[in-house]
Amino acid sequence: MGNKFLQYFALTVAVIGAVNWGLIGFFNFNLVAMIFGSMSWISRIIYGLVGLCGLYLLTFYGLVNDERQEI
């Protein structure tokens, strides 16, 4: 887990995805579809990146457990 850039990138993309889902849930407004078009190839890439970053962030649970043991 030594790659800080990958960690910050994954966290940033996941937060952007979470904000987009919040907009969809509260206001029925899809920001990604508005900017890039509904299910265009770039939209699909963005949705794919959000999913991959979310899966990568699952590994952060191991970091939380490691920090607890150090205290």
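**Exercise 1**

Find which residues V13 touches, not counting those up to four places away in sequence.

*Solution.* Start at V13 and look for contacts, that is, heavy atoms within 4.5 Å. Leaving out residues up to four places away in sequence, V13 touches L49, V50 and C53. Before going on, please note that this is a predicted model, in which local features need pLDDT of at least 70 and side-chain atom pairs count only at pLDDT 80 or more, while totals for chains, interfaces and linings use all residues. Residues are numbered from 1 along each chain as its sequence is written, and side-chain values use heavy atoms, with hydrogens and water left out.

**Exercise 2**

Work out which residues form the largest nonpolar core, and which element gives the largest share of this core.

*Solution.* First, recall the criterion: a nonpolar core is a set of buried Ala, Val, Leu, Ile, Met, Phe, Trp, Tyr and Cys residues joined through side-chain atoms within 4.5 Å. Buried here means under 20% relative accessible area, exposed means over 50%, and partly exposed lies in between (1.4 Å probe, protein chains only). Next, list the members: the largest such core has five residues, namely A10, V13, V50, C53 and L57. Then assign them to elements: α1 (4-27) and α3 (41-57) each give two or more residues to this core. The largest share, three residues, belongs to α3.

**Exercise 3**

Describe how α1 and α3 cross, and name the residues that make the contact.

*Solution.* Begin with the axes, which are lines fitted to C-alpha atoms, for helices over the stretch in contact, with angles from 0 to 180 degrees between N-to-C directions. The axes of α1 and α3 come within 8 Å and cross at roughly 120°. That angle makes α1 oblique to α3; angles under 35 degrees count as roughly parallel, over 145 as roughly antiparallel, 65 to 115 as roughly perpendicular, and the rest as oblique. Now the residues: α1 contributes L6, Q7, F9, A10, L11, V13, A14, G17 and N20, and α3 contributes Y47, L49, V50, C53, Y56 and L57.

**Exercise 4**

*Solution.* Take N28 first: its phi is positive, about 55°, although N28 is not a glycine. Turn to M39, another non-glycine with a positive phi of about 55°.

**Exercise 5**

Find where L31 lies and which residues L31 touches, not counting residues up to four places away in sequence.

*Solution.* L31 is part of helix α2, and at 32% relative accessibility it counts as partly exposed. With residues up to four places away set aside, L31 touches N20 and L23. Finally, check the spacing: L31 and N20 are 11 residues apart in sequence and 6.1 Å apart in space, C-alpha to C-alpha.

**Exercise 6**

*Solution.* Helices (H or I, at least four residues) and strands (E, at least two) are DSSP runs, numbered from the N terminus.
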